[in-house]
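Please look through the sequence and the model below before reading on.

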Amino acid sequence: GVTRDVSMKGVFFETDQPFSVGDTVEFTIAMHYAVPNPSVCLRCQGEVVRVEPASTGVGVAAALVSHSFENGQMSA
């Protein structure tokens, strides 16, 4: 998916994958130029609160349930 909006409470992204309200999602946001470290990954778990039509399939709004920070490069 493509992230369109990120806040302290959640994320909105577009995807071609099917989602329903109440689904659990896990995602990672790579911050390649975080200071003071060269790279930080924010690993998150969220709950889908809204699904709407979008140009790439669907737009998904997910409320942040938990998160953790990890130093270093994100694995492929």
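Four bridges join strand β1 (residues 2–6) to β2, and the two strands run antiparallel; strands here are DSSP runs of E with at least two residues, numbered from the N terminus, and two of them pair if DSSP finds at least two bridges between them. This is a predicted model, in which local features need pLDDT of at least 70 and side-chain atom pairs count only at pLDDT 80 or more, while totals for chains, interfaces and linings use all residues. Residues are numbered from 1 along each chain as its sequence is written, and side-chain values use heavy atoms, with hydrogens and water left out.

With three residues between them, β1 and β2 form a hairpin, and within it V2 has E14 of β2 as its bridge partner. In β2 (residues 10–15), six of six residues are buried, where buried means under 20% relative accessible area, exposed over 50% and partly exposed in between, with a 1.4 Å probe and protein chains only. G10, F12 and E14 point one way from this strand, and V11, F13 and T15 point the other way.

F13 counts as buried because its relative accessibility is 12%, whereas F19, at 25%, counts as partly exposed.
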